[in-house]
Amino acid sequence: MAGEPIKPKSAGDVASAKTTDARKANPLPEARPSAAEDIAAFVARARAMSPHRAGARGRLVFALDATMSRQPTWDMACALQADMFREAASLGSLDIRLVYYRGFNECRATGWISDSVQLAKLMSKIDCQGGNTQIGKVLSEARREAVASAVRAVVFVGDAMEESVDDLCAKAGELGLLKVPVFMFQEGHDAAAEHAFREIARLTGGAWCRFDPGAAAQLRELLRAVAAYAAGGREALLALSKTASGAAKLIGQMK
């Protein structure tokens, strides 16, 4: 039969043909750049996961030493806690979980409270009792809540520390990994407490501040600053720091 002669295939042609057949049998996924829609969707998901997203309720763990020496400050905190809600109201909203310890091995936590009147009534029913500090339990409770309900910040008010500093720092480090700053407000000048409180604040990216015994105005400014952070994030704390000394003290330490 007439026709064009068939040219023998070279080794290269045979290998090329095999490669082509393999690609047809196992096609590679088509590469394409991320579309603008995909990037926008990713950003939206990331913002939805952030505890500081717009419209999210701020959640603050409000922890207090309720041992016997703390009664005057407990009463003062009862009177000042409404200021936290008022400060947060201008930025969004705030839920507070009260955690306190007292007596023999007693450490309790309330549910989430969004009303200052309700929190004041609850605190007025609690009296201080003698006992040792239980800051480790406070930090453990804060960690559980940070994982379960996106806590934005922890504030602790106390005047003493009677626990292992290393154990407390280990718990603080866990909160630091979760990006939950702890604000340690110390009443008085106890050196051991100051050392531990400063380390807890440093490890969590929070801040330590001292206030004088019975100084309601100082504590009010500090609590307002933490409420601003819990409700509106670092930007809100920066804005408040321009007019409030308490906020300025905190933002100067936070990393």
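Is D83 buried or exposed? D83 is buried, with a relative accessible area of 13%; buried denotes under 20% relative accessible area, exposed over 50%, and partly exposed in between (1.4 Å probe, protein chains only). The model is predicted, so local features need pLDDT of at least 70 and side-chain atom pairs count only at pLDDT 80 or more, whereas totals for chains, interfaces and linings use all residues. Residues are numbered from 1 along each chain as its sequence is written, and side-chain values use heavy atoms, with hydrogens and water left out.

**Salt bridges overall**
- A search of the whole structure finds 17 salt bridges, each defined as a side-chain nitrogen of Lys or Arg within 4 Å of a carboxyl oxygen of Asp or Glu.

**Within a helix**
- D83 and R86 form a salt bridge, with the closest N and O atoms 2.4 Å apart.
- Both residues belong to helix α3, where a spacing of 3 residues separates them by about one helical turn; helices (H or I, at least four residues) and strands (E, at least two) are DSSP runs numbered from the N terminus.
- R86 is exposed, at 55% relative accessible area.

- R59 and D95 meet through their side chains in a salt bridge (3.5 Å, N to O).
- This pair links strand β1 (residues 58-65), which holds R59, to strand β2 (residues 94-102), which holds D95, across 36 residues.
- R59 counts as partly exposed at 23% relative accessibility, while D95 is buried at 6%.
- R70 and D159 form a salt bridge with a closest N to O distance of 3.8 Å.
- D159 lies in the loop between β4 (153-158) and α6 (165-177) and R70 in the loop between β1 and α3 (71-89), so their pairing ties together parts 89 residues apart in sequence.
- Both D159 and R70 are buried.
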